[in-house]
Amino acid sequence: MKAIRHFAALAALPLLFASPVQANELRESITADMDSLMELYRDLHANPELSFQEFRTAAKLAAEARRLGFTVTEKVGQTGVVAVMENGPGPVVMLRADMDALPVVEQTGLPYASKVVTKTRKGIETGVMHACGHDTHMTGWVGTARQLAARKDEWSGTLVMILQPAEELGSGAKAMLDDGLYTRFPKPEYVLGFHDAAQYPAGYVAYSPGYALANVDSVNITVHGIGGHGAYPHTTKDPVVLAARIVTSLQTIVSREVNPQEPAVITVGSFRAGAKHNIISDKAELLLTVRSYSDETRKILLDGIRRIAKGEAIAAGMPEDKMPEIEMDDTFTPSTYNDPDFAEDLGGLFTTLFGDHRVKVAPPVMGGEDFSQYRRADPDNIKSLIFWVGGVPMADYEKAQKGEMKLPSLHSPFWAPEADKVVSTATEAMTAATLKIMAKK
């Protein structure tokens, strides 16, 4: 991993926390709350729940929001929570945290490690772990809610705080929107969220003006053939050979059809066919993940996949009724776009809070996040920002820089962020950003 670089000089904002005393007071208040927040974090970490199964988690955090004075609605988008606090005239700001864990058996060795075993929606028994750090997101969400509820004299407007299910499926945000998030509740003008990061030191903040995360498409291709004996291939139409040609030709879409300066990825993650050495199957199945930023590039990729799959089948002499079947998974996640001016504005605020050395401008990545859905629902009227908060203990980070160890990634059974630094930093950043946006005139 390359060392983090600071790619842009950010001017400190004079509008909020111009005085170190103000910033220090917020930090001291968060520090005083950390014992309680870390107790909550350990409970959430030890009791993870899978996507659309976040029943205990949602109920626990909804009760906390009610205690703070929010008007709370549960079961939005199946298991989502919406907490609203109206506090006079002003902008509507929405803060989001995701709740779901992953079907991963935890191997961190933490004293509060998850021992939960449950079944997926498909009936598969599995261990469950917050391997993507959503437990830090929820704890930071509670910390921010506590700070803002206690500081109502410092802001004016409507605060909407949501707990989203099923981010890992890429469908939780859409489920909440489809269930009336923007019609049953105040529609936001600003949306904020953060994600812990397995590539940055604990307590560091990184953000990307413009594109931050990619479009994510899942594509299933069923390649048909005519099966038979492996010793007599001339009597068959081999779907393995045809599927292999498709896999190879797909790579030319990125290398020869997309502008070299435009990021794009087509990865064949699964190739399944046959069950025995000497039998030519009548079917092969390919599972693809397709990544892009712009809608235009996405169209080039998806159109190219359809064209190449059919074209290779024609070249192989397949009859019309044996053309490949191409299915676009309905869990499409659009690219995440941070409004550049808004991102730089808050990036300047973060620099004021934490200093140049802890705030970095990060390059966009090809991962996906359904946080993107909130802005995409009305891009002309909603500004959004999702930013990263590093979780790697500094000693481990420095060893990794020297090549002495490899860091676990998000979704790893070994991912154990330095949670107190993630939570305290995120709480301070989210609270300060909201206070800036909603500052009394």
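Start by selecting N87 in this predicted model; you will find it in strand β2, which covers residues 80-87. Is N87 buried or exposed? With a relative accessibility of 16%, N87 counts as buried, because the cut-off for buried is under 20%.

Keep N87 selected and show its side chain. It reaches the backbone oxygen of K152, at a distance of 2.8 Å. Now display what surrounds N87: setting aside neighbours within four places in sequence, its contacts are K152, W155, S156 and G157.

Next, zoom out to the sheet. It is open, has eight strands and mixed pairing, and its order is β1-β2-β6-β3-β7-β18-β8-β17. Which strands stand at the edges? They are β1 and β17 (359-361); each has a single partner strand, so one side of each is left without a neighbour in the sheet.

To see one pair of partners, select V93 together with Y190, its bridge partner in β7. As a reminder while you look, strands of a sheet pair through backbone hydrogen bonds, either parallel or antiparallel.

Two helices come next. Select α7 (residues 340-354), which packs on the sheet and touches β7, β8 (205-207), β17 and β18 (383-392). The direction of α7 makes about 35° with that of β18. Then select α10 (residues 419-437), another helix that packs on the sheet. Helix α10 touches β3, β6 (157-164), β7, β8 and β18, and its direction makes about 150° with that of β7.

Go to K75 in strand β1, residues 71-76. Although K75 is not a glycine, its phi is positive, about 60°. Is K75 buried or exposed? K75 is exposed, with a relative accessible area of 67%.

For the last stop, move to F52, in the loop between α1 (20-46) and α2 (55-67). F52 is also a residue other than glycine with a positive phi, here near 60°. What is the relative accessible area of F52? The value is 8%, and F52 is buried.

Terms used
Residues numbered from 1 in each chain as written. Predicted model: local features only at pLDDT ≥ 70, side-chain atom pairs only at ≥ 80, totals over all residues. Heavy atoms only, no water. Helix = DSSP H or I, 4+ residues; strand = E, 2+ residues; numbered from the N terminus. Buried < 20%, exposed > 50% of the residue type's maximum accessible area, 1.4 Å probe, protein only. Pairing = 2+ DSSP bridges. Contact = heavy atoms within 4.5 Å. Axes fitted to C-alpha atoms, helices over the stretch in contact; angles between N-to-C directions. Polar contact = N/O pair within 3.5 Å; in protein donor to acceptor, adjacent residues only side chain to side chain.
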